[in-house]
Amino acid sequence: MVRRMNELNTFLFNILLFSLFFNVGISLYGIFARPSLIKKIIALTIFSDTANVLAIIVGYRGWPSPEQPPIPPVITSTEPTSEDLIRFINRAVDPLPQALVLTAIVIGLAVTLFLIFLTLQVYRLYGTTDVRRVARLRG
Amino acid sequence: MRIKKLLVLGSLILLVLTFSLAFARGALGYYPLPLPRVRMLASWYLYTTLNPQYTNFTAMSPVAVAAIVWDYRGLDTLFETAVFFLAVVGALTLMRGVTLKSVLNNANNKDNNYGLSLISKTAARLLTPLIIAVSASIALHGHLTHGGGFQGGSAAAVAPLLVLVIFSVYFLLSRGISEKPMFMLWTAGLLGIYLTTLAAVFIGLLTGLNAYVFQNQPKFDAPVGLPAQISGTLISGSLFFLNIFEYLAVAGEFTLVFILLSMPEEVVKSFISGETYE
């Protein structure tokens, strides 16, 4: 029973990884092949979100048993005993990728804002966001 | 042209399949997925995040993520705030000199001429204080539950965004929420973060003991630290203050950016083309 559960878990994880990389493929297509700057920015945000989910997956852990799913890395009491902490370590997921993803999300947001302002300026000055037409402009 | 498209498609499919296979076969360092346990480093973080017995290692915060963000790897977050600052300054530089002062003084631009219907305006009036309250709660509980300064600040910036969409930018600016107060809020937040990172050093200077920049709890060779509790309430030392100041900074920054993004296009164009000066 436990072995079947683990096999199912692995299968689902592999599907998850495949769909994440499928997302990466779509967003890379958007970044490289679409001419509109706005679509490039949208594809870039999809790409960064996919990378963030991948980082979260790195910090995830398998279920110790079907009755004991992993828990978020938050201690629920303000005065934990040693037994509480041991139980917490045995069940909580890795907090480090979550913290790094938090950083990545905020920086991604700031960069996206800057790109949007740049695109807006390009549109105001040239009247288009098509990179092929912007590249053909003189002066 | 057709061959080029096929080439792009083929290489993307190859990339997706290669990466999926590599990760499914153990590129994350473990086969088969998922990992049965967390790494040693993660165990250490989880064990010391709120552990009163290890006084020299603990961050005194029940949330391991908040402890990593502002204590264990606090310098990362400090420089992340700097990156955020620079990106928004870059965006502001593109919009330099653009104001709505001349348009605001025009009698035709009164609040009631703009915005959505009365229903949406009433709903927005009810929702805006609630959004601010929830965002403040996210930020103030950042050291106890999920959330923190960034998340709270982003949530708080939704309130002015809602007002911008439903009432118009003229309404927001006429109520005093314009560029300058938001810039001051942002600067006050950054200044607060700066002072909090130096708080332990100031205490060390006053008491004559060793202390470090960005120190939260007492360490072996630096016995000073910020109090983990105030009259029985856990505040996790510097985490509480850093979350509050980050909240102010992020809320100010986002509101500023939203105001600038919602400037009427003809006004901005007249500034860019050099027809208008303020």
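Is Leu28(B) buried, partly exposed or exposed? Leu28(B) is partly exposed, because 18 other C-beta atoms lie within 10 Å. The scale behind that word runs as follows: a residue is buried if 20 or more other C-beta atoms lie within 10 Å of its own, exposed if 12 or fewer, and partly exposed in between, with C-beta atoms placed from the backbone.

A word on the model comes next. This is a predicted model, in which local features need pLDDT of at least 70, side-chain atom pairs count only at pLDDT 80 or more, and totals for chains, interfaces and linings use all residues. Residues are numbered from 1 along each chain as its sequence is written, while chains are lettered from A and ligands numbered from 1 in the order in which they are written.

Stay with Leu28(B) for a moment. It sits in the loop between helix 1 (2-27) and helix 2 (40-48) of chain B. Helices (H or I, at least four residues) and strands (E, at least two) are DSSP runs, numbered from the N terminus. Setting aside neighbours within four places in sequence, Leu28(B) is in contact with Val58(A), Phe23(B) and Leu33(B). Contact here means that the C-beta atoms of two residues, placed from the backbone, lie within 7 Å. Ser273(B) is another matter: it is 245 residues from Leu28(B) along the chain, and their C-alpha atoms are separated by 53 Å.

Now take chain A as a whole. It has 5 helices and 0 strands. Along the sequence the pattern reads α-α-α-α-α. Its C-alpha atoms fill a box of roughly 70 × 40 × 15 Å, taken along the principal axes. Of the 139 residues of chain A, 23% count as buried. Among its contacts with a separation of 6 or more, 52% come from residues 24 or more positions apart.

Chain B has 12 helices and 2 strands. Its pattern is α-α-α-α-α-α-α-α-α-α-β-β-α-α. The radius of gyration is 25 Å, well over the 19 Å of the globule rule for 278 residues, so chain B is more spread out than a compact globule. Its C-alpha atoms fill a box of roughly 70 × 65 × 40 Å along the principal axes. Buried residues make up 38% of the 278 residues in chain B. Of its contacts between residues at least 6 apart in sequence, 64% join residues at least 24 apart.

How do the two chains meet? In all, 44 residues of chain A are in contact with 51 residues of chain B. On the chain A side, helix 1 (2-33), helix 3 (82-91) and helix 4 (95-126) each give two or more residues. Helix 4 of chain A gives the largest share, 16 residues. By class, this side of chain A has 32 nonpolar, 9 polar and 3 charged residues. Ala, Val, Leu, Ile, Met, Phe, Trp, Tyr, Cys and Pro count as nonpolar, Asp, Glu, Lys and Arg as charged, and the others, Gly among them, as polar.

Next, the cores. A nonpolar core is a set of buried Ala, Val, Leu, Ile, Met, Phe, Trp, Tyr and Cys residues joined through C-beta atoms within 7 Å. The largest has 75 residues, and those with the most contacts inside it are Leu113(A), Val65(B), Ile68(B) and Val257(B). Helix 11 (residues 238-261) of chain B supplies the largest share, 17 residues. Apart from this core lies another, of 10 residues, including Phe21(A), Val16(B), Phe23(B) and Leu33(B).

The axes of helix 6 (residues 118-140) and helix 8 (residues 158-167) of chain B come within 9 Å and cross at roughly 170 degrees. Therefore helix 6 of chain B is roughly antiparallel to helix 8 of chain B. Their contact has 10 nonpolar, 2 polar and 1 charged residues. The axes of helix 3 (residues 64-72) and helix 11 of chain B come within 10 Å and cross at roughly 85 degrees. Helix 3 of chain B is therefore roughly perpendicular to helix 11 of chain B. Axes are lines fitted to C-alpha atoms, for helices over the stretch in contact, and angles run from 0 to 180 degrees between N-to-C directions. Angles under 35 degrees count as roughly parallel, over 145 as roughly antiparallel, 65 to 115 as roughly perpendicular and the rest as oblique.

Note on methods
Rg over C-alpha atoms; globule rule 2.2 N^0.38 Å.
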